[in-house]
Amino acid sequence: MPVTHAYAKLNLSLEVVGKRPDGFHDLVSIMQTVTLADTLTVTPATDLDIICDVPGLPPQANLAYRAAALLRDTGNLKRGCTIQLGKEIPVAAGLGGGSSDAAAALVATSRLWGLPGSCEALAPLAERLGSDVPFFLTGGTALVEGRGERVTALPPIPETWYVLVKPAFAVSTAEVFGALRPEEWTDGTATREMTGAIRSGLGVSIALNTLQAALFCLYPNAKACFDCVERLFPGRTMLSGSGPTIFAVCRDQADATEGARRLSAQFWTAAVRSCSPPREETPCR
Ligand code: C5P
């Protein structure tokens, strides 16, 4: 059975530009997939089932399971499958792990059940599963707007190495958005400038993440982690998503590996590089 990879993402920039009538926030963000990945193996079965190696994640709450169930129910299909999910991406970390698993499950179960698996078929389901899920049907480098459902593929950035650093606690995205004050909203200019640089083929470092202040206020330990990374990578450190993973833009693989090694006594760390997933796993690219 073929293995599908579900890559993690970083937000190279994330600006909240306002609040919507449905309670969600409007974003302007640049997302980038990186080489850290979960694996999904989907095999035929009568019922729907998921086997996952992370304790304390109930099967029915798993976004990969919910994606397969949504695909089955929307198409009124009498089909099943067993999803074997190998987790490498930390849970509730700001790296989009659950959302990426959901997108990968949509693609892999479509293939198994002989469905079209096109962008047109899967994008509406992705949007229902979560704000970050549509991006993972595109992957690579993309400008993400609205609640997360408007995804514009960008040319790949020059290969970049990052060190990821996560303190030992999980964060609720809803809680961080809830703590954001309107004064912290921005107009999206920094992200649009970065979009222009990427379209011109320039290398990019970091822009800003307007959720950072809200997270640090709620979780002072996240700020302490940021300060540790910033000391090693001054001016090249920022928060991904709603956190608590902090990342730094590195000069090369050796720089990322050395950073990961130095911070690993205190935190979960990984050295990763930017990547674009294969087209057969990203129907909207
Ligand atoms: O869509 P998802 O389930 O990932 O969102 C989790 C929570 O994060 C939402 O319930 C909402 O409180 C917040 N959120 C938001 N605006 C977004 C995305 C998420 O307010 N664009």
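What follows goes from the model itself to the ligand and then to the pocket.

This is a predicted model, in which local features need pLDDT of at least 70 and side-chain atom pairs count only at pLDDT 80 or more, while totals for chains, interfaces and linings use all residues. Residues are numbered from 1 along each chain as its sequence is written, and side-chain values use heavy atoms, with hydrogens and water left out.

Among the polar contacts (pairs of N or O atoms within 3.5 Å), an oxygen atom of the ligand lies 2.6 Å from an N or O atom in the side chain of S131, and a polar side-chain atom of H25 is 2.8 Å from a ligand oxygen atom. The backbone takes part through R147, a polar backbone atom of which is 3.0 Å from a nitrogen atom of the ligand.

The ligand takes up space in the largest pocket, an open set of points on a 1 Å grid over the protein atoms alone, where a 1.4 Å probe fits, with protein on both sides within 12 Å along at least five of seven lines. That pocket holds about 1000 Å³ of space, and of its 42 lining residues (an atom within 4 Å of a point), L63, S99, D132, T173 and S242 are the closest to its centre.

Terms used:
Polar contact = N/O pair within 3.5 Å; in protein donor to acceptor, adjacent residues only side chain to side chain. Sits in = over half its atoms within 2 Å of the grid points. Points joined across faces, edges and corners; volume = space filled by probe spheres on them.
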